Number of protein chains: 2
Amino acid sequence: MTRAASVYPSDRLVLREVGLRDGLQMVKTWPDTHAKLDWIQREFAAGVRHFEIGSFLPSARFPQFVDLRKVAAKAAELRGLHSIALALNERGVRDALAAPVGEIALVVSATEAHSLANQNRGRAEALELIRQAVAARPADGPLISAGIAMAFGCSISGPVPQAEVLKLCAALLDAGVDLIGLADTVGHAGTNDVGALTNAARAMAGDVPICVHLHDTRGMGIANASAALDAGCRVLDGALGGLGGCPFAPGATGNVVMEDLAFLAETKGFATGIDLEAMILVREILATSMPGEQLHGALARAGPLERKGQPA
Amino acid sequence: MTRAASVYPSDRLVLREVGLRDGLQMVKTWPDTHAKLDWIQREFAAGVRHFEIGSFLPSARFPQFVDLRKVAAKAAELRGLHSIALALNERGVRDALAAPVGEIALVVSATEAHSLANQNRGRAEALELIRQAVAARPADGPLISAGIAMAFGCSISGPVPQAEVLKLCAALLDAGVDLIGLADTVGHAGTNDVGALTNAARAMAGDVPICVHLHDTRGMGIANASAALDAGCRVLDGALGGLGGCPFAPGATGNVVMEDLAFLAETKGFATGIDLEAMILVREILATSMPGEQLHGALARAGPLERKGQPA
C-alpha cells in the first residue's frame with residue numbers, strides 16, 4: 001500500500017478539518033498557539049484525524065500562521081494525526097519540506113484571473129511549482145496534494161467549464177500528485193455540478209483520491225457534500241463552526257460546517273469515528289479566541305440525534 | 001386533467017410557501033393582515049404560486065390566524081394563486097370548506113404520541129377526520145391533502161419505521177386525498193431516509209403527488225430537498241427566511257429556507273419561474289413585522305448567482 005493509500009484509504013470516508021488554515025485566512029483575531037493546539041488535540045480526541053494546520057506564507061502579511069512550525073511539531077506528536085500545510089510559492093514549499101507535516105497542499109486556480117490574484121502567478125507557473133514540489137520531495141517525505149481553486153465557478157471570471165478543470169486534473173496527475181482537490185472556493189456549485197465533476201475527475205484519477213472542498217456561501221454546502229458522497233468522493237473538507245474564506249476571492253465566505261458535515265455522513269451510513277457531542281464542544285475554543293467571528297452550524301444549535309434504529 | 005393535476009402538474013416543480021402557516025405557529029409577534037397580504041402579493045409577484053396561508057384554529061389560542069378568512073379572500077383575488085389552509089379538527093374543516101381556499105391540508109402523525117400532542121386525537125381518529133373531509137368536500141370544492149407529520153422520526157417517540165409511514169400513505173390514498181405530504185417535522189431526516197421514503201411513497205401513490213416538507217433543524221434541509229428531487233419529488237415546502245416550527249413538537253425549528261430552496265432547484269436545472277432577487281427583498285416584510293425573529297438563509301446574505309453558462 002502506498003503512503004497516500006494508507007492516509008486516504010479508498011474504502012473509508014475522510015473528513016479533513018481545514019479551519020486552522022482556510023478558517024483563519026480572513027479573521028481579524030485568531031487563536032494563539034496554545035489555543036490552536038488545544039483545538040487540534042480536542043478535535044483529534046473527538047475522532048478527526050486529518051488537519052490542515054496552516055499556510056507557509058510571509059508572517060508579515062499573515063501573522064496568524066507565524067507559529068505554523070511549532071503547531072506542526074506538536075501535531076506530529078499525536079499518533080495517527082495527519083497534518084497538512086498549504087504552500088503557495090517556492091519559499092513556502094521549501095519551508096514545508098523542512099517542517100514535520102504529513103502533506104503539502106499546493107493550489108492551482110481554474111481561472112487565470114484568480115490564479116494571478118491568489119498566487120501572483122498564472123496557471124502554468126502554478127503547475128510548474130507543483131511539479132517542482134513533487135520532484136523535491138524525498139522518498140520518505142510528505143504527500144504532495146494539489147487543489148483546484150474556483151473549480152465550480154469564479155467570482156472574478158464567472159463560469160468555469162468542466163473541461164478546463166479536467167485539463168488541470170490531467171496535468172496534476174501527470175505531475176504525480178497524491179491527491180487532487182476540487183474546490184468550490186466561492187460557493188458557486190450546485191449538486192449537479194458537484195456530482196458531474198466528481199464523477200469525471202474520479203474516472204480520470206483512478207487510485208488518486210479526489211477531495212471535494214466546499215464553501216457554504218449560498219447554503220448549498222451540505223447538499224453539495226451529499227452529492228459528492230453520492231458520486232463516490234471519500235475525502236471532504238470542512239471547518240469547525242463554518243469558519244473560512246479566501247482573501248483573494250471576492251465574496252468568499254465560510255467553509256462547509258465540519259460538525260454538520262459529520263452528521264450528514266452519519267445519516268448516509270458512513271462510519272466517521274467522530275463523536276459529534278465532543279466535536280461540538282470544541283467550538284468553545286473558537287468562541288473564546290475569536291469573539292468577533294460568527295460561528296455557523298445547525299448541529300451545534302439543535303444537538304445531535306441518537307443514532308436511529310431504522311435502516312438508513 | 002383533474003383539478004389536482006392542474007394545480008400540481010407532474011412535469012413541473014412546485015415550491016410552496018408555508019411561512020404564513022407553519023412559519024407563524026411559534027412566533028411571538030406576527031405580521032398584521034396588511035403585512036400578510038403584502039407578503040403574499042410580493043412573493044406571488046416574484047413567481048411563487050402556492051401559499052399555505054394559515055390554520056383554522058381557535059383564535060383565542062392562535063391569534064396569529066384570526067384574520068385567515070380575510071387573507072384567503074384577498075389571496076383568491078390573485079389570479080393563478082393556489083391557497084392552502086390547515087385544519088386539525090371538525091370545526092377547522094367546516095370553516096375551511098366555507099372559506100375561499102384552494103386546498104385544505106389535514107394532518108396525521110406518524111406516531112401516536114405526537115398525534116395526541118398535536119391534535120388531541122390518535123392516528124385512527126385523525127384518519128377518520130380526513131375521510132370525513134374528503135366526503136364533505138363538494139365536487140367543485142377545494143383539494144384535500146394530508147401531511148404525515150414526524151414521517152422521518154419523532155422527538156417524542158424516536159425512530160419511525162418506514163413501514164409505519166407507508167401504512168398511513170396507503171390509508172390516505174384509500175381515503176382519496178389529492179396530495180400526500182411527508183413531513184420531517186423536527187429535522188431527523190437524512191438524505192438516505194428522504195430518498196428511500198420518497199421513492200416508496202411515489203411508487204405507491206401513482207398519480208397522487210408526494211410533497212416533501214422539511215425543517216432545517218440539523219442543517220440537512222437543503223441536502224434533503226436535493227435528495228427528494230433526485231427521487232422524483234416535484235412538490236416541496238419552504239418558508240421565507242426559514243421561519244417555522246411546530247408548537248407541539250419538542251425541538252422543532254424553522255422550515256427549510258424558501259429562497260435557498262429555489263436556488264437549489266435552479267442549480268438542479270428546474271424552471272421555478274421565481275425571481276430570486278425579488279423574493280429575497282420580500283424578507284423585509286418579515287424583518288419589519290417580526291423584529292424578534294431570526295431570519296435564516298444563505299442566499300439573502302450572499303445574493304444569487306448569475307445563471308451559469310456551463311451545463312448543470
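## A walk around the strands

Start in chain B: select strand β1 (residues 14-17) and strand β8 (residues 235-238), which pair in the parallel sense over four bridges. Strands here are DSSP runs of E, at least two residues, helices are runs of H or I, at least four, and both are numbered from the N terminus; two strands pair if DSSP finds at least two bridges between them. Click B:Glu17 and you'll find its bridge partner B:Gly238 in β8(B).

A quick note on what you have open: this is a predicted model, where local features need pLDDT of at least 70, side-chain atom pairs count only at pLDDT 80 or more, and totals for chains, interfaces and linings use all residues. Residues are numbered from 1 along each chain as its sequence is written, while chains are lettered from A and ligands numbered from 1 in the order in which they are written.

Now show β1 through β8 of chain B: the eight strands form a closed barrel, in the order β1-β2-β3-β4-β5-β6-β7-β8, with parallel pairing.

Hop over to chain A and pick strand β5 (residues 143-149). Seven of its seven residues are buried (20 or more other C-beta atoms within 10 Å of a residue's own, with C-beta atoms placed from the backbone), so the strand is largely enclosed by the rest of the structure. A:Ile144, A:Ala146 and A:Ile148 point one way, and A:Leu143, A:Ser145, A:Gly147 and A:Ala149 the other.

Strand β4 (residues 103-109) of chain A runs parallel to β5(A), joined by seven bridges, with A:Glu103 opposite A:Leu143. Strand β6 (residues 179-184) of chain A is also parallel to β5(A), over four bridges; there, A:Ile180 stands opposite A:Ala146.

Key
Buried ≥ 20, exposed ≤ 12 C-beta atoms within 10 Å, placed from the backbone.
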